Amino acid sequence: MEEPVAGSEFERAKQAAAAVRARTRLHPQVALVLGSGLGAFADTLAGAVRIPYHEIPHFPRPTAEGHAGNLVLGRVGTAVVAAMQGRVHYYEGRPLREVVFPIRVLGYLGVGAAILTSAAGGIHPSYGQGGLVVLRDHINLQGSNPLIGPNEEKLGPRFVDMTEAYDRRYREIALEEGQRLDIAMHEGVYAAVSGPSYETPAEIGFLRAIGADLVGMSTVPEVIAARHMGIRCLAISCVTNLAAGITGAPLSHQEVIETGERVRGKFAALLEAVIPRIAEDSKPPARR
């Protein structure tokens, strides 16, 4: 049975962080959110401690296929990572403040950087299935924002600058490592929609017209919450399918899972190269 929501968001995040600290002596530097079909990377962390979400107070549990629901703390090289095997989505019926609650907890565990991965539909004509895209910006079309409501100053300011939501230096690191590993990489703008239905061809035409290169149902609320707490962000999407109307073929979640599994090797190699460099470049924001 899930914990009832009680107390302020700040208090609940601190309670959850304390419960995680009681299970491990590791102090994470980098948060890693693993999207659909990409959760297996957490199984490669050295010295890993695995905590099911249901054992963390107030932590929401995912229901979507391909999202295992574990927090895994371990090392990539010398970097200490807190990896989320799966996330909760807005379409699962949770308020956005609950969707981003894990980011709040990771912030209170001391991370200074977050790497968010996701599956996405490719809109840009140069994106092929299985391609990796570093996000340089986003368009929030989910119809809401996780910061709506009373602001808790202990988490962050009322109004958050999103000029550089996706850290320029982190993007450079990801692209440099992709080139070194001979992995074809792109930069693009991500449109976040609520789902869970896939977009219509007309909607994809609209998204293309307003500047979106790919589309998905996650990432953006978490980035907003992370920036609210002063956490620097890198986001990388795997183009697991081409968006509606691009090929004329029907879309399915099974295709998303299968493509994520197929690119797992190159995605893992990229993360293994990027994480230690980002850990060296990050420091935790001051916490109240």
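Let's start with the contacts of Ile 183. Setting aside neighbours within four places in sequence, Ile 183 touches Leu 132, Gly 178, Lys 266 and Leu 270. Contact here means heavy atoms within 4.5 Å. Ile 183 sits in the loop between helix 4 and strand 7. Helices are DSSP runs of H or I with at least four residues, strands are runs of E with at least two, and both are numbered from the N terminus. Is Ile 183 buried or exposed? Buried, with a relative accessible area of 10%. Buried means under 20% relative accessible area, exposed means over 50%, and partly exposed lies in between, using a 1.4 Å probe and protein chains only. Now look along the chain. Ile 183 and Gly 131 are 52 residues apart, yet their C-alpha atoms are separated by 8.9 Å.

A word on the source. This is a predicted model, where local features need pLDDT of at least 70 and side-chain atom pairs count only at pLDDT 80 or more, while totals for chains, interfaces and linings use all residues. Residues are numbered from 1 along each chain as its sequence is written, and side-chain values use heavy atoms, with hydrogens and water left out.

Next, the whole chain. It has eight helices and nine strands. Of its 288 residues, 55% count as buried. Take the contacts between residues at least 6 apart in sequence: 83% of them join residues at least 24 apart.

Now helix 4, residues 168–180. How far apart are its end C-alpha atoms? They are 18 Å apart, which agrees with the 18 Å that its 13 residues should span at 1.5 Å a residue. That expected span is 1.5 Å times one less than the number of residues. The buried residues of helix 4 are Tyr 170, Arg 171, Ile 173, Ala 174, Glu 177 and Gly 178. Seen down the axis, they fall within an arc of 160 degrees, so they line one face of the helix. The arc is taken from the directions from the helix axis to the C-beta atoms. The face turned away from that buried side carries the exposed residues Gln 179 and Arg 180. What covers the buried residues? The cover includes strands 5, 6, 7 and 9, and helix 8.

On to Ser 218. Find Ser 218 in the loop between strand 8 and helix 6. Ser 218 is buried, at 8% relative accessible area. Not counting residues up to four places away in sequence, Ser 218 touches Arg 87, His 89, Ser 118, Gln 142, Tyr 190 and Ala 192. Ser 218 and Val 88 are 130 residues apart in sequence and 8.5 Å apart in space, C-alpha to C-alpha.

Helix 8 holds our next residue, Ala 279. Ala 279 counts as buried, at 7% relative accessibility. Its contacts, leaving aside neighbours within four places in sequence, are Gln 29, Val 30 and Ala 79.

Last, the cavities. There are three of 30 Å³ or more. A cavity is a set of points on a 1 Å grid over the protein atoms alone, where a 1.4 Å probe fits but cannot get out; lining residues have an atom within 4 Å of a point. Grid points are joined across faces, edges and corners, and the volume is the space filled by probe spheres set on the points. The largest cavity holds about 50 Å³. Which element gives the largest share of its lining? Helix 8, with four residues. Among the lining residues are Leu 34, Phe 41, Thr 117 and Arg 264.

Definitions and conventions. 1 Å grid on protein atoms, 1.4 Å probe; cavity = no way out; pocket = protein on both sides within 12 Å on 5 of 7 lines; lining within 4 Å.
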